[in-house]
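Have the sequence and the 3D view open while you read.

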Amino acid sequence: QLQASGGGLVQAGGSLRLSCVGSGHSFRSYTLAWFRQAPGNEREFVAAVSWGHGRTDYADSVKDRFSISRDNAKKTVYLQMNSLKPEDSAIYYCAAQSMGSVRTPQYGYWGQGTQVTVSS
């Protein structure tokens, strides 16, 4: 079970940090990721962090602006979002346990989503 939080309304150029708290003993062994979905669009990959060495992967659209990290002791994954743009507005979902490529929305567990709105 995953619980996401931290979304909100922010002006362009601002920052937000999303958090996603998990439960269960296997959390530390899962790849964790963030996806987002804007109205009328498909769910798209944002960032992922592996379970082993903590290797990260980012969509080109957020690279150098967003940072994903994990704290296994707290069973939490974070998404630090800087230099936000209006096109970053979407519902952001956390996910755990990749069932295929980390960039495809095929994960075993999903959070409920948190709304991020960036005003121009």
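A nonpolar core is a set of buried Ala, Val, Leu, Ile, Met, Phe, Trp, Tyr and Cys residues joined through side-chain atoms within 4.5 Å. Buried means under 20% relative accessible area, exposed means over 50%, and partly exposed lies in between (1.4 Å probe, protein chains only). The model is a predicted one, where local features need pLDDT of at least 70, side-chain atom pairs count only at pLDDT 80 or more, and totals for chains, interfaces and linings use all residues. Residues are numbered from 1 along each chain as its sequence is written, and side-chain values use heavy atoms, with hydrogens and water left out.

**The core**

The largest nonpolar core holds 34 residues. The residues with the most contacts inside this core are W34, V46, F66, I68, L79, M81 and Y92. At least two core residues come from each of β1 (2–5), β3 (16–22), β4, β5, β7 (66–71), β8 (76–81), β9 and β11. Here a strand is a DSSP run of E with at least two residues, numbered from the N terminus.

Let's zoom in on V46. Setting aside neighbours within four places in sequence, V46 touches W34, F35, R36, D57, Y58, A59, V62, F66, L79 and Y92, where contact means heavy atoms within 4.5 Å.

**The strands**

Strands of a sheet pair through backbone hydrogen bonds, either parallel or antiparallel. To count as paired, two strands need at least two bridges found by DSSP between them. In this model, four strands make an open sheet in the order β1-β3-β8-β7, with antiparallel pairing. Its edge strands are β1 and β7, each pairing on one side only. From one strand to the next, the twist averages 15° (axes are lines fitted to C-alpha atoms, and angles run from 0 to 180 degrees between N-to-C directions). β1 and β3 run antiparallel and are joined by four bridges; Q3 has V21 in β3 as its bridge partner.

Now for β11 (residues 114–119). T114, V116 and V118 form its covered face, while Q115, T117 and S119 form the uncovered one. Which strand pairs with β11 in the parallel sense? That is β2 (residues 8–11), over four bridges, and V10 stands opposite V118. β9 and β11 run antiparallel, joined by three bridges.

A90 belongs to β9 (residues 90–98) and stands opposite V116 in β11. Is A90 buried or exposed? A90 is buried, because its relative accessible area is 3%. A90 and Q115 are 25 residues apart in sequence, yet their C-alpha atoms are 6.0 Å apart in space.

**The rings**

The structure holds five aromatic pairs. Rings of Phe, Tyr and Trp (its six-membered ring) pair if their centres lie within 6.5 Å; planes under 30 degrees apart count as stacked, over 60 as edge-to-face and the rest as tilted. Here are two of the pairs:

| Pair | Centre to centre | Angle between planes | Type |
|---|---|---|---|
| F35 and F45 | 5.8 Å | 75° | edge-to-face |
| Y107 and W110 | 5.9 Å | 70° | edge-to-face |

F35 lies in β4 (residues 32–37) and F45 in β5 (residues 44–49), 10 residues apart, and both are buried. Y107 counts as buried because its relative accessibility is 7%, whereas W110, at 27%, counts as partly exposed. F35, F45, Y107 and W110 form one aromatic cluster.
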